[in-house]
Amino acid sequence: MKRREFLKSSVVAGTAGVLLDACAPPGSEQIIPLLIPEEQFIPGVEEFHATTCFECSGGCGLLARKIDGRLVKVEGNPTHPISQGGSCARGQALPQAMYHPDRLRSPLVREGARGDGHWTEVSWDDALDRLAAELAPLRADGAGLAFLTGQLRGHRRELVRRFAAAFGGARHWVHEPFGDATVRRAHELVAGIDAFPAHDLEHANYVVTFGAALVEASRSPVRFGRGLGHLRRGRPGQRGKLVAIGPHLSVTAAHADEWLPARPGTDAMLALSLAHVLIRDDRYDRAFVDERTEGFGAFRDRVLAAFAPETVAATTGVSADQIERVAREMAQHGPTIAIAGDAAVTGPSGLATAVAVTHLNALMGAFGRKGGIYFDLVPPFTPYPALEEPSELEEPRPLADVLADASVGARALLVAGTNPFFTLPAASGVADLFSNIPFVASFGSFADETSREADLILPEPTAFERFDDDVPAPGVGTSMASLSGPVFVRPLHDTRAMPDVLLQVGQRLGDDMAAALPWESYETALRVAWSGLHDAQRGSIVETSADRFWRSALESGGWWDDSTAADVEFVTPGGRYRFEVGPLLAGAGAVAEITAERPFFLHVYPSLAFGDGRSAHLPFLQELADPMTGTRWGSVVEVSVAAAEQYGIANGDPVAVGSAQGELVARARVVPGLRPEVVAMAAGQGHTDYGRYATDRGANPLALLAPPDPADGSELALVGTAVSIRKVTDVVAVLRTGSRSIDV
Ligand code: SF4
């Protein structure tokens, strides 16, 4: 035996003796994993495992770096089509989620009243028995069960749908605060395709964004950031132009060549005014419009009659000259792409904005053109066998729609990947909805404001400890899917992934459920689906057996096929793009008003570090200074220079922001990049129950928003909430700002 081995075994033996001693000090069991590792490794040698980031909808491929069996770092996967070696700060912070001290470690059953925060740890057998006992009586009327989820990724959505159908018609409600529902709805209306499209930014010359926080938080920051970087600097001698429209100088607007500070809620009007100029001056793609579209006449007549630049200039706050010039540039310097997102499509007139912007793209002939817009092809997964007796399933329904419906009547609710108690205002009625449902179970890796209202908490492993897949949307215009497997031999804590729990509880709910969900694990279910990619015998992995294909896909972090042509076929009854005017009539002229009592619009935008708030529990991201305001570990309210002068507010002053929903206090940040009638705040802070690093830190502007109107089809009313501001002097209110360190 070598000296080093002798010393190691002596230490292990000695330590084991200590640990077996009942008098060992608390926490000494932590020594064992360091000296008796759960998996084999060579000390000091690093390992890399391909994995996927699920922190936002980007679905970036990552490489997890392990040293001595510990996850120490993640980097972008250089071969993955979305990330191409890149990752954002939220991806980089993920190892902190893995070893976070506030992770849920075992199933928890509520003790006492809901919301009290008293829990008892139980075994998984007990938790599954409890879940099955609560669900079994509902099988006679399957609609008594509802799922409430965020936007489910990959085959998780298929598993939930299958469980709901086999259960007898369980319902599925969706709440994704900064989601893409209106953009997908717009493309369904005009192209017959319910999808967020891919944008060929690398070959575009001119990009106009309506509210979309592309670089910092929208949909796929790494993908958009790289595409826009190439647009601007990736082609020697050719520099594309980025124009950002919105009331607030966002990170994207700061990176743009031109920022047009339009009034909140006027994006649809502005897009239609640009369309007016393009049509009036005959500068649109006439060949595309003639050959591939329908309904243009009614759209043209409407736009020419009502949206002349001089007509909309006063309302939008953008001068007629600017509108004329940008429209001219769009036509002259194409290929041009218009992209709508975030506040511009979330709230009143959101669908009108999304439709108006797709019409701009149609006028530019952007669909299916190099430097334009594509619809990603669905990878050739093997479909799961049809159910013998499938129940009628309603389409997933927005939570805002459910909250407005008094006849919901669910008896049990399974919550996963969404936190409506944080992201919705109290007046939305989410607390009433929960209190009327006798049993609530919540899945997740961390307790939050919504799981606090549950009866049973079922802890999930992190992305590094489970099998999962994703079809990123937006993708890159080809057929692709991301895949993740566990980076470790077993989860760090006693956790199980939500799809695995559904499979296991399905076994307890009767033979028909067991037959409908026949896989022993989610890994098995994924392997079945992914065998279709092996059978296709094309793309990045071509193997001789499905087993070898699966291993290669795990090692690569997914499968992609660059040779697949992007889909440019419209799936409307006539096979043509439809110039729908209905949503425009309903929403393009509707502009919210401020009042003398509340003379500002509140503009809430997704945070670069926290998104909608789901990443606020990671201290690395709390420590990260916001690139525009310098804020760390807290919140600021951004006020314009004019408003600051009017109210005598200076940088760092505590300011109360009040709406019809309530009031919050945050430090002021006086910014030049803001319309004078707007105050702005980033979402993400102000948690009341989200672990030691996020709780009671900063303020939550989402709580001030008006409740979402189901007619908008949006999850939040990000546009149109009127607020007042006042400088605060009393000490208690100042302490409530919760800001530990603000760089002002
Ligand atoms: S862009 Fe989204 S998916 Fe990609 S690394 Fe960042 S948080 Fe993760």
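The legends below describe close-up views of a predicted model.

**View 1. Residues around the ligand.**
The shell around the ligand is made up of Cys-53, Glu-55, Cys-56, Gly-58, Gly-59, Cys-60, Cys-88, Arg-90, Gly-91, Pro-221 and Val-222. By type, 6 of the shell residues are nonpolar, 3 are polar and 2 are charged. Helix 3 (89–92) and helix 8 (221–233) each contribute at least two residues to this shell.

**View 2. Two cysteines of the shell.**
Cys-53 and Cys-56 are both listed among the residues around the ligand. Cys-53 has a relative accessibility of 9%, so it counts as buried, the cut-off being under 20%. Cys-56 has a relative accessibility of 18% and therefore also counts as buried. The count of disulfides in the model is 0.

**View 3. The buried face of helix 12.**
Helix 12 spans residues 296–306, and its buried residues are Phe-296, Phe-299 and Val-303. Looking down the axis of helix 12, these buried residues fall within an arc of 65°, so they line one face of the helix.

**View 4. The largest nonpolar core.**
This core holds 70 residues, of which Phe-210, Phe-299, Leu-360 and Leu-363 touch the most other members. Helix 10 (residues 267–280) provides the largest share of the core, 9 residues. A second, separate core has 55 residues, including Ala-441, Leu-502, Leu-526 and Ile-541.

**View 5. Contacts of Leu-360.**
Leaving aside residues up to four places away in sequence, Leu-360 touches Phe-210, Ala-271, Leu-274, Ala-275, Leu-278, Met-330 and Ala-338. One of these contacts, Phe-210, is listed with Leu-360 among the core residues that touch the most other members.

**View 6. Two cis peptide bonds.**
Most peptide bonds are trans. The bond from Gly-334 to Pro-335 is cis, with omega near 5°. Pro-335 sits in the loop between helix 14 (320–332) and strand 13 (336–340). The bond from Ala-473 to Pro-474 is also cis, with omega near 10°. Pro-474 sits in the loop between strand 19 (468–470) and strand 20 (479–484).

**View 7. Two aspartates with positive phi.**
Most residues other than glycine have a negative phi. Asp-68 has a positive phi, near 55°, and lies in the loop between strand 2 (61–67) and strand 3 (70–76). Its relative accessible area is 33%, so Asp-68 is partly exposed. Asp-282 has a positive phi of about 55°, and its place is the loop between helix 10 and helix 11 (286–292). Asp-282 counts as partly exposed because its relative accessibility is 44%.

Technical notes. Residues are numbered from 1 along each chain as its sequence is written. This is a predicted model: local features need pLDDT of at least 70, side-chain atom pairs count only at pLDDT 80 or more; totals for chains, interfaces and linings use all residues. Side-chain values use heavy atoms; hydrogens and water are left out. A residue is near a molecule or strand if one of its heavy atoms lies within 4 Å of it. Helices (H or I, at least four residues) and strands (E, at least two) are DSSP runs, numbered from the N terminus. Ala, Val, Leu, Ile, Met, Phe, Trp, Tyr, Cys and Pro count as nonpolar, Asp, Glu, Lys and Arg as charged, and the others, Gly among them, as polar. Buried means under 20% relative accessible area, exposed over 50%, partly exposed in between (1.4 Å probe, protein chains only). The arc is that of the directions from the helix axis to the C-beta atoms. A disulfide is a pair of cysteine sulfur atoms within 2.5 Å. A nonpolar core is a set of buried Ala, Val, Leu, Ile, Met, Phe, Trp, Tyr and Cys residues joined through side-chain atoms within 4.5 Å. Contact means heavy atoms within 4.5 Å.
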